[in-house]
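Hello,

Here is the structure I promised to pass on to you. Have a look at it first, and then read my notes below.

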Amino acid sequence: MIFAAFAISFFVTRLVIFPRYLLYSLLVEAPAILSPGGVWPGYWAFAGLLVALQCLHVFWFWLILKMAWRLCCSGESIEKDVRSDDDEDLLEDEDRSKAQKID
């Protein structure tokens, strides 16, 4: 239940409200207001960083949906975090094979 509330609030705040109000205002309304005097030098850097943040929000929500799918629809229990790499598993397998060679 807590995960569902988290996923819904993440979607609403980061994929609806953030782009609708903040990004729209920054990318559409601000240049129209500031165009007679020009935009300040850091404007495009600031806008670019906020757009990059929005891309991260989309990626993170994709991970949340992937985890929700595994939890609800596939019937698979979530033992590992979907964000984690399999490098740890490879290292453990290598350690086991080295231990078997020593024995």
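Rings of Phe, Tyr and Trp (its six-membered ring) count as a pair if their centres lie within 6.5 Å; planes under 30 degrees apart are called stacked, over 60 edge-to-face, and the rest tilted. By that rule, the structure holds 6 aromatic pairs. One of them joins Phe 6 and Phe 10, a tilted pair at 5.9 Å centre to centre with 55° between the planes.

Before you go on, please note that this is a predicted model, where local features need pLDDT of at least 70 and side-chain atom pairs count only at pLDDT 80 or more, while totals for chains, interfaces and linings use all residues. Residues are numbered from 1 along each chain as its sequence is written, and side-chain values use heavy atoms, leaving out hydrogens and water.

Back to the pair: Phe 6 and Phe 10 are 4 residues apart in helix α1, so about one helical turn separates them. (Helices are DSSP runs of H or I with at least four residues, numbered from the N terminus.) Is Phe 10 buried or exposed? Phe 10 is buried, because its relative accessible area is 6%, and buried means under 20%, exposed over 50%, and partly exposed in between (1.4 Å probe, protein chains only). Phe 6, at 38%, is partly exposed.

Now look at Gln 54 in helix α2, residues 43–72. Gln 54 is buried, with a relative accessible area of 12%. Beyond its neighbours within four places in sequence, its contacts (heavy atoms within 4.5 Å) include Arg 14, Phe 18 and Leu 23.

Enjoy exploring!

Definitions and conventions. Helices (H or I, at least four residues) and strands (E, at least two) are DSSP runs, numbered from the N terminus.
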